[in-house]
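Subject: Structure for your files

Hello,

Here is the structure I said I would pass on. My notes on it follow below.

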Amino acid sequence: MPDSPTPGRRERKKAATRQAIADAALELFLEHGFDRVSVRDVAERADVSTTTLFAHFPSKEALVFDREQDVDAALAAAVRERPEGQGVVEALRAHALRSWVPIVTDPRRADFTALVGDTPALREYGERMWMRHADTLSAVIAEELDREPDDPACAALARFVLEIPALTAGRQDPRATVETVFDLLLHGWHAQAGPADGPASAQAARG
């Protein structure tokens with residue numbers, strides 16, 4: 001009797017099947033539009049049953065955002081597993097440079113963004129997903145800094161960080177944009193704007 005697959009092999013097979021389904025879905029959605037493609041169409045393109053498809057993805061919209069759970073886990077790991085002595089903001093900067101810059105420079109990014117933007121169901125799903133990521137990151141930051149779970153500063157930092165992919169989209173130098181935003185988060189607006197927009201000038205403007 002042949003040996004049964006090891007857990008590692010089973011997990012690799014599951015991951016490969018999941019990726020094949022997600023790739024087939026994106027191809028079809030980009031070719032024909034989200035609303036004109038059925039779940040059955042995706043299953044046929046990926047050569048799986050609809051039962052298998054739904055075992056990996058709970059909804060049609062989830063086929064488009066196939067990395068949702070990975071993103072959540074990566075955000076938490078970036079903060080919790082940062083090197084000793086590294087601050088939370090610098091850990092998130094390193095994560096953004098490592099993980100987000102390659103995504104925003106992907107040649108398919110513009111088509112993906114257009115697909116989501118032109119499809120109300122996907123926009124709504126994406127917004128809910130964004131809020132789940134923000135809640136996850138805010139809670140992890142608060143936990144790491146020993147603050148209350150609903151700490152407003154942690155929530156604000158999480159939301160600012162999660163705006164970075166949108167801010168880098170279409171920019172000539174996404175890496176420089178990431179650095180600029182994290183410098184702002186780390187050092188504040190006055191360090192960016194200089195004395196012309198500092199407290200004294202603000203007071204003078206108010207008269």
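Phenylalanine 65 is buried, with a relative accessible area of 10%; buried means under 20%, exposed over 50% and partly exposed in between, with a 1.4 Å probe and protein chains only. This is a predicted model: local features need pLDDT of at least 70 and side-chain atom pairs pLDDT 80 or more, while totals for chains, interfaces and linings use all residues. Residues are numbered from 1 along each chain as its sequence is written, and side-chain values use heavy atoms, without hydrogens and water.

Phenylalanine 65 and tyrosine 125 form a stacked aromatic pair, 5.4 Å centre to centre with 15° between the planes. (Rings of Phe, Tyr and Trp, the last by its six-membered ring, pair if their centres lie within 6.5 Å; planes under 30 degrees apart are stacked, over 60 edge-to-face, the rest tilted.) Tyrosine 125 is buried too. Phenylalanine 65 lies in the loop between α3 and α4 and tyrosine 125 in helix α7 (residues 120–144), so the pair ties together parts 60 residues apart in sequence. Helices are DSSP runs of H or I, at least four residues, numbered from the N terminus.

Phenylalanine 65 also pairs edge-to-face with phenylalanine 112, at 6.1 Å centre to centre and 85° between the planes. Phenylalanine 112 is in helix α6 (residues 109–117), 47 residues away from phenylalanine 65. Phe65, Phe112 and Tyr125 form one aromatic cluster.

Regards

Definitions and conventions. Helices (H or I, at least four residues) and strands (E, at least two) are DSSP runs, numbered from the N terminus.
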